[in-house]
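User: I am new to this structure and would like to learn how to read it. Please take me through some features, with the general idea before each case.

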There are 2 protein chains.
Amino acid sequence: AELGYHGPDAAGRVLRSGRANAFGVVFADRLSYVFTDPFAIGLLAAFTEVLEDAGVGVFLAPVPAGPGGHPADAAAIGTAVVDGVVGLCAGPGHPGIVAAARRQLPVVLTDTAAEHDYVSIDDRAAGRTVGEHLAGLGHRVVGLVCEIPGGDGTRVLGRDELPAQVEAYRALGWDDAANRIEGIAESLADLQLLTVTAGRNTREDGRRCAATLLDRDPRPTAVVAVSDVLALGVLEEVRSRGLVPGQDVSVTGFDGIPEARAAGLTTLVQPIAEKGRWAARLLLDPSLQPRQVVLPTELRVGTTTGPAPGSR
Amino acid sequence: AELGYHGPDAAGRVLRSGRANAFGVVFADRLSYVFTDPFAIGLLAAFTEVLEDAGVGVFLAPVPAGPGGHPADAAAIGTAVVDGVVGLCAGPGHPGIVAAARRQLPVVLTDTAAEHDYVSIDDRAAGRTVGEHLAGLGHRVVGLVCEIPGGDGTRVLGRDELPAQVEAYRALGWDDAANRIEGIAESLADLQLLTVTAGRNTREDGRRCAATLLDRDPRPTAVVAVSDVLALGVLEEVRSRGLVPGQDVSVTGFDGIPEARAAGLTTLVQPIAEKGRWAARLLLDPSLQPRQVVLPTELRVGTTTGPAPGSR
């Protein structure tokens, strides 16, 4: 050690030991976005906490920007020095997950997928729960706000265009969103459903989608957002027009981030931290059973939903 | 590829190419805490954005819990497969930085340190700026709230105990905090300065420290916190006692996180995103000059500071 020898090379150690002591994380979106998303941060915090207690590091694979700023390829995770990969909001069709599976690395998803280990929720049933809440309140014209690359928040899709939208999600590896939307659409089968797509999962884009919906005649009496972040943007737009959430327009979210509780948002709460912890446990312990975990969810009714105007 | 051969092993690729295409990040605290800290998240978001554009990943080294829940050793970064290491809020004395330097990996700090490349602010001058603002407002008894492992927010340190406190920070590799405190103490040399130490950089711990200070007789007319997160906790405690920030008790923060602006906090704003971007640039491009970058700061005077009661 005195003469400039600093121990074996790190990559050589990995080759000899067969262990990198790191797990890779694949996200549905760019890293720079992930750190602005309370849901992703909550999941990542719980995931890293469990790994850290086991002395294992986290490799965040870069996501090259593709068309619309979304994943184009997965070279980085395809060559990363890791012992396994988790898909946080990245389903079986995501290029990074496909690349990891091709390397035969252990893969854990946070989406349901027959061919993978996962910790997930039943997004489809959760979507139905949200829709049934609104249908039960008498709403007949409902807006749906969801994120998708290339969406600009101005175009309104009819119900016949939804299947293509759902397929687009699956092609990106966004199975959770696809399943949610299918559940929502099922539960609102008898109603008028107007879908607007935002480019990103941000308040700004949620607000832009809401503006398009609220300009319609007849105006939707309820707006379903597929995430809390989008729903908080919808709330801003509703309030900026002097409308009262829960009275003039009902608004629902999805996830249960801390900001949603603070805003009194009616939302489908999923156990974010438990999801992150289970993902880490499944990666750390290949013998842990079961390998496909579905966690419970809960509709938390806040002040932002109420009976449809005129339905009382 | 048909017969189960999935390309060269990732670690072998690193050995051959000499490049891991990943930079390691060493934090001053556990990862699970980092994801709760708006300052750390802001820095990390900007850092990863620049790396991502260059197709480079981020390795978050696990930080084993030591006494008081803080860094105990640095085995993980000492063996990680990375091309370089950045210390985010981890100075030259941090065990992880010491381990990286021993491996002769490129190291970039976000603290000033003669022997390293860095992007930093002048924490000492910034501390003085905060102190001078309060001294100029006529405050004579000032509380100082800072984070340090083992602090429980109840013990009040006199000025003679501050040098040992500063040394404790440096030993942990928390040079930024050490420098801030020295600057604050210098600028308040003629005043009564009462220091209370919190265990973690959280609102709860900031609030606990504030409670101890506000129970004193005479009560400090101003409280300086070394971070915005601690200051937001101080504000909560001030308000919970029916006291008005900026009138009965002045409160200052440090960093300039979004929540600080929303709260109208008087704070020393540092360019968080620029710090993260510069750290990434210095790691990516060894020929980039200068290698020691000091970014400007600004005192943003909000509504939480005002003339000392009785001084008008």
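User: Does Cys89(B) count as buried or exposed?

Analyst: This is a predicted model, in which local features need pLDDT of at least 70 and side-chain atom pairs count only at pLDDT 80 or more, while totals for chains, interfaces and linings use all residues. Residues are numbered from 1 along each chain as its sequence is written, chains are lettered from A and ligands numbered from 1 in the order in which they are written, and side-chain values use heavy atoms, with hydrogens and water left out. Buried means under 20% relative accessible area, exposed over 50%, and partly exposed in between, with a 1.4 Å probe and protein chains only. Cys89(B) has 16% relative accessibility, so Cys89(B) counts as buried.

User: Where is Cys89(B), and what is its phi?

Analyst: Most residues other than glycine have a negative phi, and most peptide bonds are trans. Cys89(B) has a positive phi near 60 degrees. Its place is the loop between β3 (85–88) and α5 (95–102) of chain B. Helices (H or I, at least four residues) and strands (E, at least two) are DSSP runs, numbered from the N terminus. Asn21(B), not a glycine, also has a positive phi, of about 60 degrees. Asn21(B) lies in the loop between α1 (10–17) and β1 (22–27) of chain B, and is partly exposed, with a relative accessible area of 30%.

User: Which residues does the cis peptide bond with omega near -5 degrees join?

Analyst: That bond runs from Gln289(A) to Pro290(A). Pro290(A) is in the loop between α12 (272–284) and β12 (292–294) of chain A. In chain B, a cis peptide bond joins Asp217(B) and Pro218(B), with omega about 0 degrees. Pro218(B) is in the loop between α9 and β9.

User: How many residues of α8(B) are buried?

Analyst: An α-helix has 3.6 residues a turn, so residues three or four places apart point the same way. In α8(B), 11 of the 13 residues are buried, so this helix is largely enclosed by the rest of the structure. Among them are Asp175(B), Arg180(B), Ile184(B) and Ser187(B). What covers the buried residues includes α6 (123–136), β6 (141–147) and α7 (162–172) of chain B.

User: What span should helix α8 of chain B have?

Analyst: The expected span of a helix is 1.5 Å times one less than its number of residues. For α8 (residues 175–187) of chain B this gives 18 Å, and the end C-alpha atoms are 18 Å apart, which agrees.

User: What is Leu188(B) in contact with, leaving aside its neighbours within four places in sequence?

Analyst: Contact means heavy atoms within 4.5 Å. With those neighbours left aside, Leu188(B) is in contact with Gly131(B), Ala135(B), Val142(B), Arg159(B) and Leu193(B). Leu188(B) is found in the loop between α8 and β8 of chain B, and counts as buried at 1% relative accessibility. By contrast, Glu204(B), in helix α9 (residues 203–214) of chain B, counts as exposed at 53% relative accessibility.

User: What radius of gyration does chain A have?

Analyst: The radius of gyration is taken over C-alpha atoms, and the globule rule is 2.2 Å times the number of residues to the power 0.38. With 312 residues, a compact globule would have a radius near 20 Å; chain A has 21 Å, which agrees. Along its principal axes, the C-alpha trace of chain A spans about 80 × 35 × 35 Å. Chain A has 12 helices and 13 strands, and buried residues make up 60% of its 312 residues.
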